[in-house]
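My notes follow in the order I took them.

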Amino acid sequence: MGKFGHEFLEFEFRPDGKLRYANNSNYKNDTMIRKEVFLSHSTIKELRRIIESSEIMKEDDNLWPMPDRVGRQELEIVLGNEHISFTTAKIGSLMDVQDSKDPEGLRSFYYLVQDLKCLVFSLISLHFKVRSL
């Protein structure tokens with residue numbers, strides 16, 4: 001539970017190019033936002049490159065902080081025949097990463113999640129941009 005109740009940000013990239021996005025926030029009584037877009041083959045290829053270059057598939061979350069009352073972060077990746085899932089406590093800053101038992105692995109996770117969130121927000125805002133006349 002976050003400060004404003006059960007809050008989450010979720011996105012899923014499907015092999016067919018579909019990007020599904022959901023943002024549930026109770027801040028100022030907001031409602032859940034759901035968006036779906038189809039991405040080009042080159043965008044999916046770039047997503048794959050970002051994930052592979054992060055080397056996250058080599059990591060293990062056994063030494064990462066366990067989820068607590070502050071929150072949790074989850075990441076699941078299916079890349080070809082590889083499938084991996086990570087769960088850790090909500091990361092507030094790089095200090096949380098540095099203070100962990102596995103700062104290198106958690107840093108890879110932290111930066112990949114930031115990169116993926118930026119990519120998703122850019123794709124969603126570009127696709128749903130409202131143009132004024």
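**Entry 1: a hairpin.** I began with the hairpin of β4 and β5, which has 2 residues between its strands, and there G80 takes a positive phi near 65°. Before going further I noted that this is a predicted model, where local features need pLDDT of at least 70, side-chain atom pairs count only at pLDDT 80 or more, and totals for chains, interfaces and linings use all residues. Residues are numbered from 1 along each chain as its sequence is written, and side-chain values use heavy atoms, with hydrogens and water left out. My helices (H or I, at least four residues) and strands (E, at least two) are DSSP runs, numbered from the N terminus.

**Entry 2: β4 and β5.** How many bridges hold β4 and β5 together? I found that β4 pairs with strand β5 (residues 82–89) in the antiparallel sense over 8 bridges; two strands pair if DSSP finds at least two bridges between them. Opposite I77 I found I84 of β5. Then I looked at the two faces of β4: Q73, L75, I77 and L79 make the covered one, while R72, E74, E76 and V78 make the uncovered one.

**Entry 3: a pair on β4.** On the uncovered face, which includes R72 and E74, I checked for a salt bridge (a side-chain nitrogen of Lys or Arg within 4 Å of a carboxyl oxygen of Asp or Glu). R72 does form one with E74, with the closest N and O atoms 2.7 Å apart. For accessibility I used these cut-offs: buried is under 20% relative accessible area, exposed is over 50%, and partly exposed is in between (1.4 Å probe, protein chains only). R72 comes out as partly exposed at 48% relative accessibility, and E74 as exposed at 54%.

**Entry 4: the three-strand sheet.** In what order do the strands of the open sheet run? I got β1-β2-β3, 3 strands with antiparallel pairing. β1 and β3 are the edge strands, as each pairs on one side only. On average, neighbouring strands of this sheet are turned by 10° against each other, direction ignored. Axes here are lines fitted to C-alpha atoms, for helices over the stretch in contact, and angles run from 0 to 180 degrees between N-to-C directions. α3 packs on the sheet and touches β1, β2 and β3, its direction making about 80° with that of β1; contact means heavy atoms within 4.5 Å.

**Entry 5: β1 with β2.** I counted 6 bridges between β1 and β2, in the antiparallel sense. E12 has R20 as its bridge partner in β2. Their hairpin has 4 residues between the strands, and G17 in it takes a positive phi near 100°.

**Entry 6: salt bridges.** The structure holds 8 salt bridges. One of them joins the side chains of R20 and E36 (3.3 Å, N to O). R20 lies in strand β2 (residues 18–24) and E36 in strand β3 (residues 33–38), so this pair ties together parts that are 16 residues apart in sequence. R20 is partly exposed, with a relative accessible area of 37%, and E36 is partly exposed too, with 44%. I also found E12, R14, K18, R20 and E36 linked in a network of salt bridges.

**Entry 7: helix α1.** Which residues of α1 are buried? They are L47, I50, I51 and S54. They cover an arc of only 95° around the axis, which puts them on the same side of α1; the arc is that of the directions from the helix axis to the C-beta atoms. On the other side I found H41, S42 and K45 exposed. What covers the buried residues includes β1 (8–13), β4 (72–79) and α3 (103–127). R49 forms a salt bridge with E46, with the closest N and O atoms 2.6 Å apart. Being 3 residues apart in α1, R49 and E46 are separated by about one helical turn. After α1 comes E55, whose phi is positive, near 60°.

**Entry 8: helix α3.** Last, I checked the span of α3: at 1.5 Å a residue its 25 residues should span 36 Å, and its end C-alpha atoms are 36 Å apart, which agrees. The expected span is 1.5 Å times one less than the number of residues. Among the buried residues of α3 I noted F109, Y110, L116 and I124.
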